[in-house]
There are 2 protein chains.
Amino acid sequence: MKQSELEIVRSLRNRFKLPENLGVGIGDDSAFLRAKKPVLLTTDLMIEGVHFDLSYTSFYHLGFKIVSVNVSDVYAMGGDFNGFLFSVGIPESVSDEDLIELFDGIEKALNYYNGYLLGGDLSRSEKVVLSGFAVGESEKPILRKGAEPGDSIFITASTGLSSAGLNLLRSFSIDEKNLIKTVKDFEDFKIYNEKFGVRVNEILERHLMPKARKPYKFAHMIKAMIDISDGILIDLYRLCEESRVGAEIYLDKIPIHPAVSKIAEYLKVDLIKLIISGGEDYELLVISAQESMTEFGLIPVGKIIKDYGIYLVDPIKGKIPAKREGWQHF
Amino acid sequence: MKQSELEIVRSLRNRFKLPENLGVGIGDDSAFLRAKKPVLLTTDLMIEGVHFDLSYTSFYHLGFKIVSVNVSDVYAMGGDFNGFLFSVGIPESVSDEDLIELFDGIEKALNYYNGYLLGGDLSRSEKVVLSGFAVGESEKPILRKGAEPGDSIFITASTGLSSAGLNLLRSFSIDEKNLIKTVKDFEDFKIYNEKFGVRVNEILERHLMPKARKPYKFAHMIKAMIDISDGILIDLYRLCEESRVGAEIYLDKIPIHPAVSKIAEYLKVDLIKLIISGGEDYELLVISAQESMTEFGLIPVGKIIKDYGIYLVDPIKGKIPAKREGWQHF
């Protein structure tokens, strides 16, 4: 790192300009935002060696992901995303080019989610530390609380992709890892799709550059919601705890992405565990009384029940109480 | 650390309850805040080994300080402080008691500033990482921009206290450092006051548990403002850059706290450097056209001038162009 903090802040201000009618962005003691509705506020931390591995993750990926994981928490409240603040701790070994890549990734994500960079803080650090804060708006947020017995449990898409992608990334050679770090658009990255005969690019993308799901069209039909950051099981447990209910998950109803089953087989990891306990998919877990949610592409995977606890229902093994699994950084 | 994340979050929720009319606090995907005015948003990072040293800083001090440094940025915009989000990375070596102390310090500060803990994130980490995010409100924020030639420069109190305190702390023996870590209220900690014959407790407190200054009564008379986090020189430089002006600082007008001069002498460090380039005082640097600001206890220390650059005016040496000094973590 050769640039001074003042130089970095100056270049970021020019790059991330806030339209004047919205407020004041980077460059003052605080950002100032003219929000029209009550605000949603959330923060997520990503730490090198705990949440990511720089051997196969580029700074571009990190920039995109730190925005997505925070935006996901705003969307999971049914809110609109407005702005992002970003604190970063950087070791001296990180080059100016890496830092530019990091903000390229942030810019890409902010354009995708239609939000602004409002401020942040830069510091030296031994390991790379990324701390994101997302600001959103909502007239009436959708909480984890609100699920009632008899309601259906939906997910926005199949799960386990991020975790399968992570397993695959860890199995890669150094050359393969270095190749992955150059990828900015996984849409067109199909080398491994050909090798495995399935859409492996989608699981790599889901791990390295996940996109938050917005409950655009079905928000009005939702009773409770949470984003799936730590796996279906643990996040459903959290929602049920808030709603003071229990749940049944029908294992045969959860759709399996072909690359997830292929990679589970290839790497000999437990497929069911990937799907119900794999973290970082950033899909939504949605509770609704209305079966017509399926018209919006939502997938029904279970029912809310009165009794506390989460039960897995398997067509062969029957109903088994689930342990609170999922992966946590604690 | 023996508690799980779920257990920690549960105990924090019980402890930091948000009144229902204000919104939704800890425990959902995002916090939800019914702000009455446009919002102020700011974030500051504190990293072990860069911003603090655990050999003489307790987790209680850290909790208090991470709130103060963020609140200071809200006050420096002339805003009211409402709420705080807090992400923390913690090594396994940190005990449950340390974690409780950290949140004791946060609670103490939030009570002092009259704000609420709204949310956060917990993670494992190799070093202690604290990332704070303050939310405030203001109808019309006071910016760094707005100073004009002829305006007076004021500070809210003498500076260099935090830096002098830091120098003294570093000079302490292990036993002395361990003693300091037990102090929660520096008001009554007078051992070193007796030894040095000056109010050393005030410089220790200013470094370990600084309090943000609120421009309560004189806000309507301010044209531009910044908090002094990196020293008078560098923060004045930042303000002048935004306002597209320069400044003269009269060295003989800056009041010197007796403990600062005493410790500078005792440790043989440059007194002037402590005062104009010492960081982390969290006083305010206030620009106003009205000399009557002194009635509010503000201290006039210089003038805004048309020519760019910061000049130090010394009664003996005359007018010297100042180098951009101050301490930065970059």
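A residue is buried if 20 or more other C-beta atoms, placed from the backbone, lie within 10 Å of its own, exposed if 12 or fewer do, and partly exposed in between. This is a predicted model, in which local features need pLDDT of at least 70 and side-chain atom pairs count only at pLDDT 80 or more, while totals for chains, interfaces and linings use all residues. Residues are numbered from 1 along each chain as its sequence is written, and chains are lettered from A and ligands numbered from 1 in the order in which they are written.

Q: What percentage of chain A is made up of buried residues?
A: Of the 330 residues in chain A, 54% are buried.

Q: Why is chain A called as compact as a globular protein of that length?
A: The globule rule is 2.2 Å times the number of residues to the power 0.38, and the radius of gyration is taken over C-alpha atoms. For 330 residues the rule gives 20 Å, and chain A has a radius of gyration of 20 Å, so chain A is as compact as a globular protein of that length.

Q: What makes E2(A) and strand E3 (residues 39–47) of chain B a pair?
A: Strands (DSSP runs of E, at least two residues, numbered from the N terminus) pair if DSSP finds at least two bridges between them. Three bridges join E2(A) to E3(B), so the two strands pair, and they run antiparallel. Within E3(B), Leu40(B) is the bridge partner of Phe32(A).

Methods:
Helices (H or I, at least four residues) and strands (E, at least two) are DSSP runs, numbered from the N terminus.
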